Amino acid sequence: MNEPLILNPTQPADACVIWLHGLGADRYDFEPVALALQQRMPSLRFVLPQAPTQPVTINGGYAMPSWYDILAISGEARAIDKDQMERSAQHVIDLIEAQRDAGIDPRRIILAGFSQGGAVVQHTAFLRWSGPLGGVLALSTYAPTFSDALEFSETQQKLPVLCLHGSVDDVVPPGLGRAAYDFLAARGIPVQWKEYPMAHAVVPEEVMDIAVWLAERLK
């Protein structure tokens with residue numbers, strides 16, 4: 001994996017957001033959003049990882065930044081390369097541990113991700129990482145590895161999640177995001193759903209809602 005972009009705050013860092021970009025994007029994609037949020041939360045560090053460049057089957061095998069290969073799309077289903085998902089999740093775990101070792105309490109570490117990145121952070125938080133976390137931000141995303149066999153630890157059961165999605169998203173249909181939300185809600189996870197009149201994008205109103213949610217989690 002490439003080195004992440006690290007945005008240190010103006011005050012000593014006491015919390016961190018690890019934010020994964022989407023398919024075909026890069027670590028600079030959410031830099032403007034992170035900088036805007038830091039203006040409101042001057043002790044919040046952002047870690048923006050870079051996905052490896054690798055072939056993506058549904059895009060004709062063209063190599064692009066991707067956290068995992070998408071092998072096929074059928075209706076609202078996605079077939080993915082699970083080994084690549086696991087490698088990306090391990091990278092996120094390594095970043096969590098690095099921040100923990102740097103003095104950040106894991107209960108003040110938030111995992112965030114857009115689209116493919118959101119799928120990785122949900123997988124990491126609920127299938128790979130069993131320790132405490134501050135929460136999960138799932139933007140315009142889905143959860144291809146959630147299944148009825150999944151069992152949550154007591155710590156995971158308390159993990160707050162904010163799901164944000166566009167009502168006219170034609171890349172990741174709202175139904176996919178809603179299915180992940182419904183899955184978590186049915187199992188008692190403290191999850192919220194917010195929908196915006198947007199496509200596969202991020203809008204200012206959404207960023208404001210993220211700022212409010214982060215401030216509540218990290219107060």
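Author: Axes are lines fitted to C-alpha atoms, for helices over the stretch in contact, and angles run from 0 to 180 degrees between N-to-C directions. This is a predicted model, in which local features need pLDDT of at least 70 and side-chain atom pairs count only at pLDDT 80 or more, while totals for chains, interfaces and linings use all residues. Residues are numbered from 1 along each chain as its sequence is written, and side-chain values use heavy atoms, with hydrogens and water left out.

Reader: At what angle do helix α2 and helix α3 pack?

Author: Helix α2 covers residues 82–101 and helix α3 residues 116–128, both being DSSP runs (H or I, at least four residues; strands are E, at least two). Their axes lie 9 Å apart, and the angle is about 75°. Since 65 to 115 degrees counts as roughly perpendicular, that makes α2 roughly perpendicular to α3, at about 75°.

Reader: How many charged residues does the contact of α2 with α3 have?

Author: On the α2 side, M85, E86, S88, A89, Q90, V92 and I93 meet A119, V120, H123, T124 and R128 of α3, where contact means heavy atoms within 4.5 Å. Six residues of this contact are nonpolar and four polar, and the charged ones (Asp, Glu, Lys and Arg) number two.

Reader: How far apart are the axes of helix α1 and helix α6?

Author: V33, L37 and R40 of α1 touch V207, M208, I210, A211 and L214 of α6, a set with seven nonpolar, no polar and one charged residue. Helix α1 (residues 31–40) and helix α6 (residues 204–217) pack at about 45°, with a distance between their axes of 10 Å.

Reader: Which element supplies the largest share of the lining of the largest cavity?

Author: The structure holds one cavity of 30 Å³ or more, a cavity being a set of points on a 1 Å grid where a 1.4 Å probe fits but cannot get out, with lining residues having an atom within 4 Å of a point. Its lining includes Q122, C163, L164, H165 and W193, and by class it has five nonpolar, five polar and no charged residues. Both β10 (161–166) and α5 (174–186) supply at least two residues, but the largest share, three residues, comes from β10.

How values were computed:
1 Å grid on protein atoms, 1.4 Å probe; cavity = no way out; pocket = protein on both sides within 12 Å on 5 of 7 lines; lining within 4 Å. Points joined across faces, edges and corners; volume = space filled by probe spheres on them. Parallel < 35°, antiparallel > 145°, perpendicular 65-115°, else oblique.
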